Amino acid sequence: MTNLENAQMDMLAGKVKMTQQSVNTAMNPSDALDRPIRLTARDVTVHYGAKQALHGISIDIPDRAVTSFIGPSGCGKSTFLRCINRMNDTIEGAKVGGTIKLDGEDVYDPNLDVVELRARIGMVFQKPNPFPKSIYENVAYGPRIHGLARNKADLDEIVISSLRKAGLFEEVKDRLGEAGTGLSGGQQQRLCIARAIAVGPEVILMDEPCSALDPIATAIIEELIDELRENYTIVIVTHSMQQAARVSQKTAFFHLGNLIEEGVTEDIFTNPVNKQTQDYIMGRIG
Amino acid sequence: MRSGSPEQNYHRFYSARNDVEIAVNALLMFCSAVAILTTVGIVLSLVFEAIRFFSFINPADFFFGTVWSPKFSSTTTNDHGQYGLLPLLTGTLWVATIASLVAVPIGLMTAIYLSQYAPRNVRAVIKPIIEILAGIPTIVYGFFALVTVGPFLKGAGALVGLDISATSALTAGLVMGVMIIPFISSLSDDILNQVPLAMRDGSYGLGATQSETIRKVLLPSALPGIVGAFLLAVSRAIGETMIVVLAAGNSPVLRGTPLEPISTITVSIVNQLTGDTDFTGPQSLVAFALGLTLFIMTLLLNIAALYIVRRFREQYE
Amino acid sequence: MTDLLGTGRKAANERTQLVRAGLRRRHRNEQAFRILGIVAICCALGFVALLFTDVLRKGIPAFHQATLHLDVTYDPTLLNVDPVPERTAGQSDADFNAARLAWQRSVAMLNWNKVVEAALRTVTPAGLEIDSRQLLTIPETNARHVIREAFVANPNLLGRTRSFDLLASANVDNWVKGNIDRELGDAQQQMPAQARALVDGWVADGTITQDFAWGLFTNVDSRAAPASAGLAGAFMGSLYMMLVVIVLAVPIGVASAIYLEEFAPKSRLTDLIEVNINNLAAVPSIVFGLLGAAVFINFFHLPRSAPLVGGLVLTLMTLPTIIIATRAALQGVSPALRQAALGLGASKTQMVFHHVLPVTFPSILTATIIGVAQALGETAPLLLIGMNAFVASVPGSIVDQATALPVQIFLWQGNENRNFFEARTSAAIMVLLGLMILLNAVAIFLRTRLERRA
Ligand SMILES: Nc1ncnc2c1ncn2[C@@H]1O[C@H](COP(=O)(O)OP(=O)(O)OP(=O)(O)O)[C@@H](O)[C@H]1O
Ligand SMILES: [Mg+2]
C-alpha cells in the first residue's frame, strides 16, 4: 500500500470515528471539561467554488475556556473559524453547509443579522491589522459604529478599560492620539485584541494571533489569552503545539478538511487516539 | 601547438559581434534621448520666448495684472495693450473647480461601486464603457458643450430665474468634468484595490456593514492615493483646451460667478498664436509666457500627485 | 454606573439590544450608499449615452442631402465656343498643350450660369414667375463647375443633353429637411418665396430628392459652395500625419523602451529619464503645439500647415504612451526566456531582438494603435502650427498645406450657416469617432488573435 492510500484509509477511519464522537457529545449537555457548551457545530461543510475545503465538521466549544485548532497548513482551520462569525460571507464563491449554533441560536439563520452576530463574536487576525487611525480611534471604532456609548465619557471608559484588559494601556496611555500603525508588532496585535474587546463580545476568535510576532511578544499575548479566558469564550488557531498546550483547555486536530480528533488538551497531547494525530504531534505530518 | 587561424576567427567573430553590440547600444541610447530632448525643447522654447515677452511687458504686470486686453495693431503705436494673467487664471480655476465638483463625486462613487459592490461580470462591462469617456476627442466634447449642454443650461436657468450664459465656466466645467470622470474612477479603483484585504476584514470582523467599512476604513486608508488621482485630474482639466475654446465664451474678464462667459489660459494661447507666426510683438509672444505658466502649474501638480501615489504604494508594500 | 464592558449575561444582553436598536438605521444607510453608487454609475453611463445619441441624432441627417436631378442641354446658342483643338501634323507637344489650355480658358470664360438656368427653367412650372438670380440660389454654386468639367472632359456634348445629379444649396437642404420654421415671415427666410414654392414643387415631383451625400467623403472643404464641403482633404491630412507618427514614434518609442528596460545601467540618469517620460505624458497637448510653433516652424522653418509638422508634434506627444506601454510589456516577459536565450550563447542584442521582442509584439502593437487613435483626435496643438488654415485641395504630400479631421470639425462648427453646418459637423464627428472605434477594435482583435497564437 502506498503512503497516500494509507492516509486516505486513516482519514476514512477518522471520519467514522468522528461521527460516533459527535453523537456522544450531543447527548451530553457539557463536554469532557465539564463546562457549559457555548457553540455547537454540526456537519459543517465549506466549498470554495468547486473545491470542498471542509468535510462535515462537528464540534462543541465550551464556555469561558480556550479551544485550540491545530493541524497542517491548508487543512481548513481558518476556514472553519471564519464560519463561526460568518466571515466567509465576504468571500465570493464560498458556500457553507451544516449548522453552527451560538447559545442554541442558529448563526446562519436568515433572520439573524450578521452585524449583530459579529458584535457578539469578535475576531483577531493572523497579521496585526490596525486601521490607519489613532490608537484611541482604533479601539473606539467598534463601539462607535454599534452605538454602544451614549456619550464621550462612556466611550473614553470603554476605550480605556478595553486597552487595560488587553494589557496595553500602561504602554500607550500618553499617546492615545498617535497612529495605531506606529506601534510595535506585538503592541499592534494587543491593540487589535483591545479593538475586539471594546465591542463587548462573548466569543473571541483568534487566527494564529502570534505567528507574526517574536517570542517575547508571543509570551505576553499568551498570558493575556489566559487572563481573558475567565470572561470570554476563546477559539484560537495555532501552528505551535506548545502554544496550544500552554493556553488551551480543549484541542481539535484538523487534517485535509476533516476534524480528526478533539478532546481535552492534555489527553490530545499525551495520549492521542488517532494515528494521524500522533504523527502530527510527533512532527511527522505538516 | 599554436595554429593561429581558429583562434583568429574566433576573435574576429566576437569582436564583430561586439561592434554590433556597441552600435545597437548607441542607437538605442540616442532614441531614448528623444524624450529628454523633447522636454529640453519645451522648456527652452517656452523660457526663451517668454523672456522675449517680458522684455516688452513687466513680469509683475503680467502675473498680477487684472486686465487682459492685448492690442493687435501694434505697428503704429508703442501701446501693446494689457496682459494681466489674473482674469485668465481665475477663469481656468473656475472651470477646473466645476469640473472637479462633477468628476470627483461621480468618479469616486463609481470606483467604489465597481470595486466593492458590483459582481465581476457587471464590472467587466461597465468599466470599459466608462473609460470610453476618456478616449473621446476633446473637440467632440467642445461641440457637445456648445450646441447641446450650453443651450440646455441656459434654458434650465431661465426656468428657475437664473441668468446663465450658454457659453460659460459652468458649461465648460460641467462637460470637462464628464471628460475626467474616468481619470478619477480608474485611478481610485486601482487604489481601493490596493488597500490590503486585512483592513477590510478587520472592520467586518467588528461587525461593520459594508458601507461603514468603505467610508470609515477603506476611504481613509486610500485617501492619499485618491488625492493623487484628484491632482492628476485637475492638472488634466487645467491644460485642456478645445472644450474651453468652444464653450467657455472667450471673455477674459475677472468674474465672481461661473454663470458668465470667461476665458482661460489655454484659450488665450490659441487666440494669440493662431494666424500670427513671426513672434515679434508681445501679442504672440505672450502665448509662450502663458504656456510656461501652464507648464509649471501642471508639472507641479503631476510631481505632487506622483509623489503622493508612490508614498501611498510604499505604505502597503 | 453600569459596567460598559461587563461580561455577564445581563450586560451582554443589554449590549445586544443597543446593537439591535441601531440596525435599521445602519441598513438604511447601507442601502442609501449603494444607491448613491448606482446613481453615480448611471450618471457616467448616461453621459456616454447622451453624447452618442446627440451626435448621432444631429449627424445622421447630414449623410443625405437634397440633390437636384436635372437634364442639362449644352445649347450651342448659349455656348459660343470654338471646337476643341485637334492635333495637327508636325505640331510640337508644347504648342498643342498651349492650344488646349487656351481652349479650356475660353470654355471657363463662358457664362455657364445661363446653361444651369436654362436647365432649371425646363422643369419650372409655366405659371411660376421667378427671376434668374432667385432661381440660381436653388442649386449649389458649384453646379456650373460640375457641368463645365463634364464638357471639358467630353466636348462632344455640345448640342446634346445630359442628366446630372447636382447638389442643392445649403438653404434648400435646410428647407427640404424642415430645419427652418416654415411659418416665419419672408423677411426672416433665407430663400425668397418663389424659390421656396418651386423647391416644394420639385420635392413633390421628384426633381429634388435626398440622396446619399457622397460628396461628404469625396469633396474637399469649400467656402463658396458650402453644400459641397467634404472631408477628403482633412482625411488625407490626418492620414499623412498618422503615417509620420507611425514611422517615427513607433521605432523611437520601442527603441527607447528597450534601452531603458534592457540595456541602460540603473543610474541617476535613467531615473531622470523615467521621471521625465512620466511627466511628459501629462504635459498639456497645447504646450506641444507651442513647441512645434517655436521649434519646427520658427527655428527650423518647416512649412506651416503641413502634415509633416503636425505629425512631428503628434509624434512627440505619442512617444511617452508607446514607451510606457512597451516597457510594461518588456517587464512582463519571463526571466526564464531571457536566461534560456543567454544560456544558448546569444548576445544581449540577440536575446532582446530575437527572443524577447517577438513575445511582446502584441502588446506593442496594441499600444501603438491606441496611441495613434489618441493622436488622431488631437486638435489643440494643430491650431498653433497653422493647420486650421482653409485648404481647398487634397494634400499631395506631407509638406503640402493641409488640415486634419478634428481641425475640420473645429472649422465647421464655427461656420455662420449654423443650420446646415451643425449637422455636417456632427457627421464629421461621426466619421472621426468611427475611425477611432475602428482602430480600437482592430487593436483588440489583433491582441486577442496574436495572444492566442503566442
Ligand atoms: N478564498 C479562498 N478561495 C479558494 N480556496 C480557498 C480560499 N481560502 C482557503 N481556501 C482553500 O481552502 C483550504 C483550507 O484553507 P484554510 O485557509 O482554511 O487553511 P488553514 O488550515 O487555515 O491553513 P494555514 O495553517 O496555512 O492558515 C486550502 O486548501 C485553501 O487553499
Ligand atoms: Mg489559516
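The model is a predicted one. I listed the lining residues as T110(B), A111(B), L114(B), K127(B), I130(B), E131(B), S185(B), S186(B) and D189(B). Helix 3, helix 4 and helix 6 of chain B each give two or more residues to this lining. For the volume of the second largest cavity I noted about 60 Å³.

I then looked up how many cavities of 30 Å³ or more the structure holds, and found 5. The largest cavity has about 70 Å³ of space. Its lining includes E116(A), R120(A), R15(C) and V19(C). Helix 1 of chain C supplies the largest share of that lining, 4 residues. By class I recorded 5 nonpolar, 2 polar and 4 charged residues for the largest cavity.

Next I turned to the second largest pocket, which holds about 970 Å³. I recorded 31 lining residues, with T90(A), Q116(B), R200(B), Y204(B) and Q210(B) nearest the centre of the pocket. Among the elements giving two or more residues to this lining are helix 3 (114-120) of chain A, helix 8 (210-239) of chain B and helix 1 (9-59) of chain C. I divided the lining of the pocket into 14 nonpolar, 7 polar and 10 charged residues.

Last, I checked helix 10 (residues 265-273) of chain B: 8 of its 9 residues are buried, so the helix is largely enclosed by the rest of the structure. Among the buried residues I noted I265(B), V267(B), Q272(B) and L273(B).

Technical notes: Residues numbered from 1 in each chain as written. Chains lettered and ligands numbered in written order. Predicted model: local features only at pLDDT ≥ 70, side-chain atom pairs only at ≥ 80, totals over all residues. Heavy atoms only, no water. Buried < 20%, exposed > 50% of the residue type's maximum accessible area, 1.4 Å probe, protein only. 1 Å grid on protein atoms, 1.4 Å probe; cavity = no way out; pocket = protein on both sides within 12 Å on 5 of 7 lines; lining within 4 Å. Points joined across faces, edges and corners; volume = space filled by probe spheres on them. Nonpolar A, V, L, I, M, F, W, Y, C, P; charged D, E, K, R; others polar.
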